[in-house]
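Here's a quick briefing for anyone meeting this structure for the first time. Have a look at it, then read on.

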Amino acid sequence: MKSINRPELFDFEGISMVHYFTDNWENIQNFKARPDDILVATYPKAGTTWVSYILDLLYFGNTAPERQTDLPIFMRVPFLEAAFPGLPSGVELADALPTTPRLIKTHLPVQLVPKSFWEQNCRVVYVARNAKDNAVSYFHFDRMNMGEPEPGDWNTFLQKFKDGKNVFGPWYDHVCGYWEKKQTCSNIHYMFFEDMVENTGREVERLCSFLGLSTPTEERERITKGVHFDAMKQNNMTNYSTVPLLDFKISPFMRKGKVGDWKNHFTAAQNEQFEEHYRQKMKNTTLQFRTEI
Ligand code: A3P
């Protein structure tokens with residue numbers, strides 16, 4: 001992969017974006033989904049890799065062993081809108097997936113998801129994470145990811161997060177957008193990062209039931225162990241250590257994996273202001289989050 005410069009943020013279809021996710025826009029919007037495709041949709045840093053790996057193990061954990069040893073998770077579950085120089089685009093990777101189902105990742109807000117996913121009635125697994133921890137995780141990610149705009153210091157970043165000036169736009173609209181869509185679309189399984197931390201096994205079971213999988217209990221337990229934070233952090237196929245764009249000297253990709261790390265970042269004043277702003281932004285939704293478990 002060629003070395004790249006930190007990109008500028010710009011407004012695109014009403015949300016903040018960088019060109020790596022818009023350069024291939026026509027092909028993204030014209031993507032031909034198949035009825036059995038499964039779309040993993042998240043706001044960045046909500047647990048995308050975690051749920052992608054769970055899905056991969058549920059469907060393909062017992063098939064080709066080299067898939068588990070040689071193929072990083074971002075090749076197994078392509079990032080649809082990604083178009084980085086010198087690498088195959090997400091659309092090319094998704095088109096070339098030999099598996100059934102195809103597992104495909106997106107961070108696009110619900111209104112920008114290519115229409116064929118809805119036309120084909122594809123199943124969508126959405127993961128949401130409470131705003132405070134999501135912001136903290138995104139801050140550290142932007143520090144270490146040269147494909148993202150400069151985050152600035154924590155206070156600067158937090159302000160940008162509140163203003164929706166992050167790649168993929170406002171967290172508030174993202175989580176609420178899929179939540180509203182779910183009210184009329186039974187193909188969306190809405191998960192919470194906090195529930196996954198609290199009881200991963202239960203969430204794997206719920207996922208199986210949504211997907212109509214009759215994975216035996218022992219197999220589910222094995223998967224639950226395999227997707228533990230420590231296991232994924234050690235596993236080079238899931239810890240992103242093979243991506244040159246990420247500077248692990250600044251921060252690891254598998255950073256903490258906790259609920260409540262926001263308490264180590266927010267000052268009392270930041271927390272008070274954030275909560276006031278949050279109440280305003282979320283006053284019209286029934287969606288509820290836990291910021292501790
Ligand atoms: P932190 O930065 O808080 O540690 P994404 O995959 O959407 O980019 O999300 C990354 C976040 O999910 C990171 O959060 C990462 O540590 C956390 N994560 C990934 N796998 C996890 C696991 N198995 N258990 C707990 N957290 C996990």
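Among contacts in the chain (heavy atoms within 4.5 Å) between residues at least 6 apart in sequence, 74% join residues at least 24 apart. Keep in mind that this is a predicted model, where local features need pLDDT of at least 70, side-chain atom pairs count only at pLDDT 80 or more, and totals for chains, interfaces and linings use all residues. Residues are numbered from 1 along each chain as its sequence is written, and side-chain values use heavy atoms, with hydrogens and water left out.

**The chain as a whole**

- You'll find 14 helices and 6 strands here; these are DSSP runs numbered from the N terminus, with helices being H or I of at least four residues and strands E of at least two.
- The radius of gyration, taken over C-alpha atoms, is 18 Å, which agrees with the value near 19 Å that a compact globule of 293 residues would have; that globule rule is 2.2 Å times the number of residues to the power 0.38.
- Along its principal axes, the C-alpha trace spans about 50 × 40 × 40 Å.
- Of the 293 residues, 57% count as buried, meaning under 20% relative accessible area with a 1.4 Å probe and protein chains only (exposed is over 50%, partly exposed in between).
- The chain exposes about 13300 Å², and carbon and sulfur atoms supply 49% of that; accessible areas come from the Shrake-Rupley method with a 1.4 Å probe, and for residues only the protein chains shown count as cover.

**Around the ligand**

- There are 18 residues around the ligand, and T48, T49, S137, K256 and G257 come nearest; a residue is near if one of its heavy atoms lies within 4 Å.
- On its own the ligand has 570 Å² of accessible area, and the protein covers 97% of it.
- Two elements give two or more residues to the shell, α2 (48–60) and α13 (229–234), and α2 gives the most, with 3 residues.

**A look at R76**

- R76 lies in helix α4 (residues 73–76) and counts as buried because its relative accessibility is 1%.
- A polar atom of the R76 side chain lies 3.0 Å from the backbone oxygen of R67.
- Leaving aside neighbours within four places in sequence, R76 is in contact with Y53, D56, R67, Q68, L71, L97, L103 and M237.

Key: Polar contact = N/O pair within 3.5 Å; in protein donor to acceptor, adjacent residues only side chain to side chain.
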